[in-house]
Amino acid sequence: MDINKNEIKESINIIDGALMEGYGVDDTEHAEKLLKIMVQEIDANKLYDNYFKEVYGIE
């Protein structure tokens with residue numbers, strides 16, 4: 001199953017929003033790992049003005 005760039009962007013926004021709001025997330029390790037993989041996959045820092053580098057340290 002292929003996931004397109006728009007689906008990855010949507011998933012990134014959902015995970016980021018959940019982490020920022022703390023929606024039932026006690027241990028964020030797995031969510032942050034998944035976020036890192038997706039951010040790097042589509043080079044989201046270029047799309048979002050280095051937001052993920054500044055907030056999560058993801059390059």
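Which residues in H1 are buried? In this predicted model, they are Ile-8, Ile-12, Ile-15, Asp-16 and Leu-19. Buried here means under 20% relative accessible area, exposed means over 50%, and partly exposed lies in between (1.4 Å probe, protein chains only).

## Before we start

Residues are numbered from 1 along each chain as its sequence is written, and side-chain values use heavy atoms, with hydrogens and water left out. As this is a predicted model, local features need pLDDT of at least 70 and side-chain atom pairs count only at pLDDT 80 or more, while totals for chains, interfaces and linings use all residues.

## The overall picture

The protein has 4 helices and 0 strands, and from the N terminus on its elements run α-α-α-α. The radius of gyration of the protein is 11 Å, close to the 10 Å that the globule rule gives for 59 residues, so the protein is as compact as a globular protein of that length. That radius is taken over C-alpha atoms, and the rule is 2.2 Å times the number of residues to the power 0.38. Helices (H or I, at least four residues) and strands (E, at least two) are DSSP runs, numbered from the N terminus.

Along its principal axes, the C-alpha trace spans about 30 × 30 × 15 Å. Of the 59 residues, 24% count as buried. Among contacts (heavy atoms within 4.5 Å) with a separation of 6 or more, 43% come from residues 24 or more positions apart.

## A walk along helix H1

Let us return to H1, which covers residues 5–21. At 1.5 Å a residue, its 17 residues should span 24 Å, and its end C-alpha atoms are 24 Å apart, which agrees. The expected span is 1.5 Å times one less than the number of residues.

The helix has its buried residues, including Ile-12 and Leu-19. Seen down the axis of H1, the buried residues fall within an arc of 100 degrees, so they line one face of the helix; the arc is that of the directions from the helix axis to the C-beta atoms. Their cover includes helix H2 (29–42), helix H3 (44–47) and helix H4 (51–56). On the other side of H1, Asn-6, Glu-10, Ile-14 and Glu-21 are exposed.

## The two ends of H1

At the start of H1, a side-chain oxygen of Asn-4 reaches to within 2.9 Å of the backbone nitrogen of Asn-6. Asn-6 has a relative accessible area of 54%. Just after H1, Gly-22 takes a positive phi of about 70 degrees.

Terms used. Polar contact = N/O pair within 3.5 Å; in protein donor to acceptor, adjacent residues only side chain to side chain.
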